Amino acid sequence: MVALEYSKLFSSLSAAELQTLQDVAKEVSFPAGQQIFKEGDTGDGLYVVQDGLVQISALIGQGERRVLSRVGPGDFFGEMAVLDNEPRSASAAAEIDTRVYFVPRDALLQMLERSPRLGASLVRVVSRRLREFNRQYIREVLQAERLTLVGRFARSIVHDLKNPLSIIGIAAELAGMENAKPESRAAAKQRIRKQIERISNLVNEILEFTHGSPTAVVLSMTDYGQFVQGLIEEIRPEIALKGVSIDFENPPPEVKLPLNTQRMTRVFYNLIHNATDAMPSGGQVKIRFKADANQVTTEIEDTGKGIAAEVVDHLFEAFATFGKEHGTGLGLSICKRIVQDHKGEISARNVPDGGALFSFKLPLPKV
């Protein structure tokens, strides 16, 4: 049992002030489970726990009640509605058999006017409570954001894995048919191997991005024209299943560029599949090239609705996404990193007739 003068709030009062407090305070008992006040009640006074335990709770969401704190002997509750003269914002109930001191609102306000020490003590205790509440709120927000981010990553990975897994499934069925020809089985085997490699590269890219410390990029001289032609032939059947065609407006230049073909493949896959997602009813992806003495520019244009204004200024930032059910905004950020690792630049804009155009430039080796 804690006497009134030993509570956190009143321990600094003078003997005369304590006597005034004891004259106005009333002792009230509540059996376990009984409500002391509820949300919306008038802030009629302050409560100090003599012995027992009080649970402070509030309704959140769709009727869900959440415990905000528990108040034990010597501590007090109900002060905010007294000070701001607003209805109670939470409910209080006895968790076990509890006795409290009740100080009526008018009496408490009169004491605060006459006692600077009581006012200072109240400010200190309330300030500590608010600080702790802020710390708890920040911890919970960060935890919620972490869980949301994990969920978004999981959805994104599942989304990216669906296409290669679908191709592996179709190829496996074709290879397993009784009347399949040897060349069909060989082609299916090759297709399965490439999709497994694609999945491995995808996972490695995400792991590299989340680690924040990319490994050294190994580049080797590669015929860009042959690389792009072969890659698009792999992608074309996959997006055709979604009613999207892919066409070269001019042939890719047959020039030697320093490339990491595994990582550059990821750029094409990301950009083309983003374009495909932007055309759920089908459409066209157009690829064109420009080459000069210093660099090769690749442009990938779609016939979708274009880039949303809400995200256009943050398009290549991690986690910037808009209107994409499974999107995390990570794919374009990875594209940017890969192009930069090749000493290049990537950009995007909307085209006048509708649709989006992504462009990346790769430098030619210096002679």
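Student: What makes Y47 and F102 count as buried or exposed?

Tutor: Buried means under 20% relative accessible area, exposed over 50% and partly exposed in between, with a 1.4 Å probe and protein chains only; by that rule both Y47 and F102 are buried, and for Y47 the value is 7%. The model is a predicted one, in which local features need pLDDT of at least 70 and side-chain atom pairs count only at pLDDT 80 or more, while totals for chains, interfaces and linings use all residues. Residues are numbered from 1 along each chain as its sequence is written, and side-chain values use heavy atoms, with hydrogens and water left out.

Student: How do you know whether S121 is buried or exposed?

Tutor: The relative accessible area of S121 is 4%, which is under 20%, so S121 is buried.

Student: Why is the pair of Y47 and F77 called stacked?

Tutor: Rings of Phe, Tyr and Trp (its six-membered ring) pair if their centres lie within 6.5 Å, and planes under 30 degrees apart count as stacked, over 60 as edge-to-face and the rest as tilted. The centres of Y47 and F77 are 5.1 Å apart and their planes stand at 5°, so this pair is stacked. F77 is also buried, because its relative accessible area is 2%.
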